[in-house]
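This briefing is intended for a reader meeting the structure for the first time.

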Amino acid sequence: MRVADLITALGLLGLGGVVLYDATRLGIGWGGEGPASGFFPFWLAVLLIVTTAGIMVQAAVRGSTRPFVTRERLVPVLKVLGPVAGFIVVTDPPGPWSGLGLYAAAGLYMAFYMRWVGRHRWLTVAAIAVAVPVVAFVIFEQWFLVPMPKGPIEDWLGY
Amino acid sequence: MGLENLVLGFQVAITPFNVFIALVGVLLGTVIGVLPGLGGANGVAILLPLTFTMPPTSAIILLTSIYWGALFGGAITSVLFNIPGEPWSVATTFDGYPLAKQGQSGQALTAAFTSSFVGAFFSIVLITFFAPVLAEIALKFGPPEFFAIQLLTFSSFVGLGGGNPLKSFASILMGFILASVGLDIVTGQLRLTFGFTDLMKGFDFIVAVIGLFGIGEILLSVEEGLRFQGTRTGMNPRVVFETWRVLPRYFRTFVRGSIIGFWMGFKPGGATPASFMSYAFAKRFSRNPQRFGKGELEGIVAPETAAHAAGVAAMLPMLTLGIPGSPTAAVMLGGLIIWGLQPGPMLFVDNPEFVWGLIASMYTGNVLGVLMVLTLVPFFAAILKIPFAVLAPLIVVVCAIGSYAVHTSMIDIWYMLIFGVIGYVFKKLDYPLAPLVLALVLGDLSENALRQSLIMSGGGLGIFFNRPIAAVITVVALLFFALPAITPWWRRLRGVSASTSAAPRET
């Protein structure tokens, strides 16, 4: 817990440093007609640095030595995070490649997670993985006209 | 002048379309409140993009109804599954779950819903009369007063929030910093973008809320190995009416809880302390305090009444001052801005049909809500029978859709994931998330209020102390900020050991 506390505080300290750097570039004093762009961020950064320094002292002095997370409890967390990242990449990968679109990716992602973690029957998995994207498509694309990223399947269906 | 406006409001709120919207909202909200990872703030954030094309009044009725529903939903999981959906439902589990285990979950749920309704109703009546008065006063406020009030809002998180004051303050600062990323509309300069075009748009509070509360909550749930070991609902009309016959006995508890809730809820972050305080008072004044914690009906009435009175009271500063009292109210305030409305006292002058429609819809929404949850409890409880391996990816997909819909941009889904990890780590390390969200929403408003004040004064900070109203509020705010530093010293002065109160918290 103490190490995680220190690392987080260090991260916030770094954030403060970055903000401080950019604020001085923008000007921290009086601009043409009022406080310059960097004025507010500058003071936020100063206060953040002072506060996180305090948090670090606190953590070092009386932080608990209990582990932040044990290995067996971290595994299910990573099992959630990994597939979510995969889901986003399959939807629309960064860079010039095109993805499968959100609906197809959502179906694949749900199927993968239900099968891998939940070990549900293939029939259940398939039914839910098809039904959820279809229902979502009707609600968002048809009723509320909120467009989601689409891919080859939607093209092929003519949307 | 209040009543004719309320009549006007009811004419807006009772149109068939708006009643339908309220019904849908309460239903969705209860589902959202029952599901892990989808609290009130997060649910409202996900559905906010769907309201962009609606008339603002219907949109706010939908969002507030979701909020009422989510508040009711929290009670269901607390009583039946011993899982508080929201922090202010924690006190409800003390007596709710024991009662459920004794086979009296019907009585417990009826008491919880009825108390919620009574608490909420009390606050709505007070809002009806106080809101116009407060708005009238607030109309005379200038930038210094508004900045002082915002300072007060954030100081109460630090001084009265109950958590680690340094970490609360760091959360606030981080929220403000995230809010300042992107284009500075006053000078036209780019801030904190470092040449990345993706950062120019800044961080949207909706995405932050979905990530911090939605994804973060799911990560916490899987880590803790969430299991729903439910008890039967045991709801039927006979149980409801029998419980209603008993409840008037707790009249004093209802009144006390409502007052505590309204008073605490008016200030930000107040619902959770209000529920605990009300529980503690009920126990102290009870004729049989030894039964508390073992399944005493009064132990449900007290926290539920206070929590809902507080949840509704959080709407009062949002409507009249443009300062949200809770993360959910903060998301709604963001919605107002997106719909093209200016939050704050001018709303009462420029958009009376909106304000009064909203206030009237609080009455209808809560009446609909209590009737709906009383009849549909088995359905809501059945949702939690769905295996977690199905629910978790479903909630993630809904969160991703909600994040993308805000600006139709892929980067927002990535931000959602990053905020999810931040939410998980912060929650474990006891950094509060609510002030971060509030700061992110209020960032631009606060900065503008500060800038305009400084322009008025020519750069001096004296303006916050020269004007009587601003001075009083600023001094109180500074006092709250200093409270965590003063308290141990004050205790030592009175001869009480400071170390007992400052024991490190592990959560």
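In this predicted model, helix 15 of chain B and helix 20 of chain B run roughly parallel to each other, because their axes make an angle of about 15° and angles under 35 degrees are counted as roughly parallel. The two axes are 9 Å apart, and the crossing of helix 15 of chain B and helix 20 of chain B is left-handed.

**Helix 15 and helix 20 of chain B**

- Helix 15 of chain B covers residues 327-338, and helix 20 of chain B covers residues 434-457.
- From helix 15 of chain B, the residues Pro327(B), Ala330(B), Leu333(B) and Gly334(B) take part in the contact; their partners in helix 20 of chain B are Ala434(B), Val437(B), Leu438(B) and Val441(B).
- By class, the residues of this contact comprise seven nonpolar, one polar and no charged.

**Helix 4 and helix 5 of chain B**

- The axes of helix 4 (residues 56-81) and helix 5 (residues 90-101) of chain B cross at roughly 55° and come within 6 Å.
- Helix 4 of chain B is therefore oblique to helix 5 of chain B.
- On the side of helix 4 of chain B, the contact involves Ala75(B), Ser78(B), Val79(B) and Leu80(B), which meet Thr92(B), Thr93(B), Gly96(B), Tyr97(B) and Ala100(B) of helix 5 of chain B.
- The residues of the contact between helix 4 and helix 5 of chain B are five nonpolar, four polar and no charged.

**Contact between chain A and chain B**

- Chain A contributes 54 residues to the contact, and chain B contributes 47 residues.
- On the side of chain A that touches chain B, two or more residues come from each of helix 1 (2-26), helix 2 (39-62), helix 3 (71-91), helix 4 (102-116) and helix 5 (122-143) of chain A.
- Helix 2 of chain A supplies the largest share of that side, with 11 residues.
- The side of chain A that touches chain B has 37 nonpolar, 11 polar and six charged residues.

**Domains of chain A**

- Chain A is divided into domain 1, residues 2-62, and domain 2, residues 71-157.
- The C-alpha centres of domain 1 and domain 2 of chain A are 38 Å apart.

**Confidence of the prediction**

- For the complex, the predictor gives an ipTM of 0.94 and a pTM of 0.88.
- The average pLDDT of chain B is 86, and 94% of the residues score at least 70.
- Residues 497-507 of chain B have a pLDDT below 50; beyond near neighbours in sequence, this stretch has 12 contacts in the model.
- Where pLDDT is low, predicted coordinates should not be read in detail.

Note on methods: Residues numbered from 1 in each chain as written. Chains lettered and ligands numbered in written order. Predicted model: local features only at pLDDT ≥ 70, side-chain atom pairs only at ≥ 80, totals over all residues. Domains from an automatic or database assignment. Axes fitted to C-alpha atoms, helices over the stretch in contact; angles between N-to-C directions. Helix = DSSP H or I, 4+ residues; strand = E, 2+ residues; numbered from the N terminus. Parallel < 35°, antiparallel > 145°, perpendicular 65-115°, else oblique. Contact = placed C-beta atoms within 7 Å. Nonpolar A, V, L, I, M, F, W, Y, C, P; charged D, E, K, R; others polar. Left-handed = near helix turned anticlockwise from the far one by under 90°. pLDDT = per-residue confidence, 0-100.
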